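Thanks for coming. I will go through one structure and stop at a few places in it. Please have a look at it first.

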Amino acid sequence: MIDILVPELPESVADATVATWQKQPGDFVERDEVLVEIETDKVVLEVPATASGILQEIKEDEGATVLSKQLLGYLKEGDAPAETPSDVVVEEETGAADASPSVRRLMLEEGISASDIKGSGKGGMITREDVDKFRESKNKADTPAQVDIVAAVAARSDKRVPMTRLRKRVAERLLEAKNSTAMLTTFNEVNMKPIMDLRKQYQEVFEKKHGIRLGFMSFYIKAVTEALKRYPEVNAAIDGDDIVYHNFFDVSIAVSTPRGLVTPVLRDTDTLSVAEIEKGIRELAIKGRDGKLTVDEMMGGNFTVTNGGVFGSLLSTPIINPPQAAILGMHKIQDRPMAIDGEVKILPMMYLALSYDHRLIDGKESVGFLVTIKELLEDPTRLLLDI
């Protein structure tokens, strides 16, 4: 008998919740097949089988709070059992001696007894068609009035589900940010035509060389990194009565996943090329979607970038991700009439929103930071020339 244990949790994670048992007692599992998912307030951890065998017992049900290395259940090591019940057992449970083995198994699965069906086959044999017809007639037994009543009740019903640990943690952190920081948001807008023209010109050759499409996020990250260099207050955090200035550039990327919003970290962005940034973002997004992000990939981060534009958001006031001092919101690129040198032109414009902790960052730094990003995005050549 093998113990199934909660994985070693990081020091920053006090406990976890049993999210989903992928197998049930009596199920056979192969070695390395996932038995259960454990949800922390940061990531979802998978607990694989350490050997092939049968899940013997579950000690902690879904929703239970567990600690590091706590016992979750038992796995009995061994080979796979027979895939289907023997014909003798099926015959005993259905009473269908006059039916083929496959039909008897179907009757067992459907909970149908031989006394319920009159066989139409040779010598009164029960056929698959007999089982299908019986099942159809049984399904039609509900009257239309009953169906209408059930549908009407269902249309006005409520569904109550408990919050996941991740959603609880997101709620706590958002409330903490609102209550513990002097948050203020400043706005600007950027003409995205230069970057769109650049992408159009080099998209094909870029993809051929690097094996990934050239997106907007790499330009955003490049511009943010340069702006953080120029405004160290934005790349800082408050720790008690101290200000901690970071001399490295780790940018959190807000990623929407089926379990909620997460902010994995793209590290040392000042050393990454455009292609490396694109690949890093794609890797984090795929891991987030599949629930494969590690605790280390979620920890840290000096500044956050969130792109609500992918969902159609035109303007928003993003909430700071503590203990960071600021967050940049990118939005939908939309054609708008703009006055350029006394003429009205239709340009692809995007609103920028910088929410920041006013305790640490003053208006001069926040506006300057946002203007720097605007200038770099409107003239992306400056990103390459470092000017």
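This is a predicted model, and I start at its surface. Phe187, Leu314 and Leu315 make up a nonpolar patch there, and together they have about 260 Å² of accessible area. Leucine 314 lies in the loop between strand 16 (303-307) and strand 17 (326-330). Its relative accessibility is 36%, so leucine 314 counts as partly exposed.

Now the overall numbers. The chain has 387 residues, and 38% of them are buried. Its secondary structure consists of 11 helices and 19 strands. The accessible surface is about 21,800 Å², with 51% of that belonging to carbon and sulfur atoms.

Next, helix 8. It covers residues 274-290, which is 17 residues, and spans 25 Å from the first C-alpha to the last, close to the 24 Å expected. Which residues of helix 8 are buried? They are Ala275, Ile277, Glu278, Gly280, Ile281, Leu284 and Gly288. These buried residues pack against several elements, including helix 6 (193-210) and helix 7 (217-230). Just after helix 8 comes glycine 291, which has a positive phi of about 70°.

Arginine 199 sits in helix 6. Arginine 199 is buried but has no salt bridge, and glutamate 278, the nearest side chain of opposite charge, is 6.5 Å away. A salt bridge needs nitrogen and oxygen within 4 Å. Apart from its neighbours within four places in sequence, arginine 199 touches Leu214, Gly215, Phe216 and Phe219.

Other charged side chains do pair up.

In the first, arginine 230 meets glutamate 226 at 3.0 Å, N to O. The two are about one helical turn apart, because they are four residues apart in helix 7. Arginine 230 is partly exposed at 33% relative accessible area, while glutamate 226 is buried at 14%.

In the second, aspartate 250 meets arginine 267 at 3.3 Å, N to O. This pair links distant parts of the chain, 17 residues apart: aspartate 250 is in the loop between strand 11 (242-245) and strand 12 (251-253), and arginine 267 is in the loop between strand 15 and helix 8. Aspartate 250 has 8% relative accessibility, so it counts as buried.

Lysine 287 and glutamate 297 form a salt bridge of 2.6 Å, N to O. Lysine 287 is in helix 8 and glutamate 297 is in helix 9, 10 residues apart. With Glu283, these two residues are linked in a network of salt bridges.

Technical notes. Residues numbered from 1 in each chain as written. Predicted model: local features only at pLDDT ≥ 70, side-chain atom pairs only at ≥ 80, totals over all residues. Heavy atoms only, no water. Patch = residues over 30% accessible without salt bridge, like charges linked within 9 Å, V, L, I, M, F, W, Y side chains within 5 Å. Areas by Shrake-Rupley, 256 points an atom, 1.4 Å probe, with all protein chains shown as cover. Buried < 20%, exposed > 50% of the residue type's maximum accessible area, 1.4 Å probe, protein only. Expected span 1.5 Å × (residues − 1). Contact = heavy atoms within 4.5 Å. Lys, Arg positive; Asp, Glu negative; His and termini not counted.
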